[in-house]
Amino acid sequence: MNIGLIACSKTKLGKDMPEKKFKAQDIYQGNTFKKSKSEGIKLYNCDDWFILSGNKDYNLLDKNEEIQYYDVYLGKQNKTYKNEWGEKVKSKLIQKGFDLENDVFYIFGGASYYKPLLSFLKNCVVFKFKSSNTIQLDSPIYYENGKKLKW
């Protein structure tokens, strides 16, 4: 299976209404999130997709899961936090029945969001950013067993 994992975005709905809940697929309003969701998932034929949230309590979100506004960027967290976050993502992927050895995971997000996952996802494809809010969908980087493959 091809599974899309889209990193959350800083721009979110609900900042002025922190008690209100939104579907995870709707709360994130950043350009990279929107482009990954609308173009990347289709371009790389992902069978399903989920959201990588920098919030350690959310970590891996189903599209329709309802969440409240939060302000956590994984890139600003310490190594322990990132490792715990990665383990929580791993546990949820296993609970969902994904095969970490054979499924291919397309990660639409920066290094903070894919590096903690490389140790347990055998087959990964990641995408670079042109700028902080523009993802480069035409230049995938392939990883196998945590090592970058040369083409």
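# Reading loops, rings and buried charges

Modeller: Let's start with Asn 59, which is placed in the loop between β3 and β4 (60–61). Helices (H or I, at least four residues) and strands (E, at least two) are DSSP runs, numbered from the N terminus. This is a predicted model, in which local features need pLDDT of at least 70 and side-chain atom pairs count only at pLDDT 80 or more, while totals for chains, interfaces and linings use all residues. Residues are numbered from 1 along each chain as its sequence is written, and side-chain values use heavy atoms, with hydrogens and water left out.

Colleague: Thanks! What is phi of Asn 59 near?

Modeller: The general idea is that most residues other than glycine have a negative phi, and most peptide bonds are trans. In Asn 59, phi is positive, near 45°. Asn 45, also not a glycine, has a positive phi of about 50°, and belongs to the loop between α2 (31–43) and β3 (48–52).

Colleague: Is Asn 45 buried or exposed?

Modeller: Buried means under 20% relative accessible area, exposed over 50%, and partly exposed in between, with a 1.4 Å probe and protein chains only. Asn 45 counts as exposed because its relative accessibility is 55%. Asn 59, by contrast, is buried, at 3%.

Colleague: What does Lys 92 touch, not counting residues up to four places away in sequence?

Modeller: Contact here means heavy atoms within 4.5 Å. Lys 92 touches Asn 59 itself, along with Tyr 58 and Leu 60. This lysine is part of helix α3 (residues 79–95) and is partly exposed, with a relative accessible area of 22%.

Colleague: How do I read a lysine that is buried without a salt bridge, and which side chain of opposite charge is nearest to Lys 12?

Modeller: Start with the rule: a salt bridge is a side-chain nitrogen of Lys or Arg within 4 Å of a carboxyl oxygen of Asp or Glu. For charge, Lys and Arg count as positive and Asp and Glu as negative, with His and the chain ends not counted. Lys 12 is buried but has no salt bridge, and Asp 71, the nearest side chain of opposite charge, is 4.9 Å away. The Lys 12 side chain does reach the backbone oxygen of Tyr 70, at 3.3 Å. You will find Lys 12 in the loop between β1 (2–7) and β2 (21–23). Beyond neighbours within four places in sequence, its contacts are Ile 27, Tyr 28, Gln 29, Tyr 69 and Tyr 70.

Colleague: Now the rings: how many aromatic pairs does the structure hold?

Modeller: A pair of aromatic rings is described by the distance of the centres and the angle of the planes. Rings of Phe, Tyr and Trp (its six-membered ring) pair if their centres lie within 6.5 Å; planes under 30 degrees apart count as stacked, over 60 as edge-to-face and the rest as tilted. The structure holds 12 such pairs. One of them, Phe 108 with Phe 127, is stacked, at 4.7 Å centre to centre and 5° between the planes. It links distant parts of the chain, 19 residues apart: Phe 108 in strand β6 (residues 104–108) and Phe 127 in strand β7 (residues 123–131). Phe 108 is buried at 1% relative accessible area, and Phe 127 is buried at 2%. Elsewhere, Tyr 28, Phe 33, Trp 49, Tyr 58 and Tyr 70 form one aromatic cluster.

Notes: A polar contact is a pair of N or O atoms within 3.5 Å; within protein, one must be able to donate a hydrogen and the other to accept it, and residues adjacent in sequence count only if both atoms are side-chain atoms.
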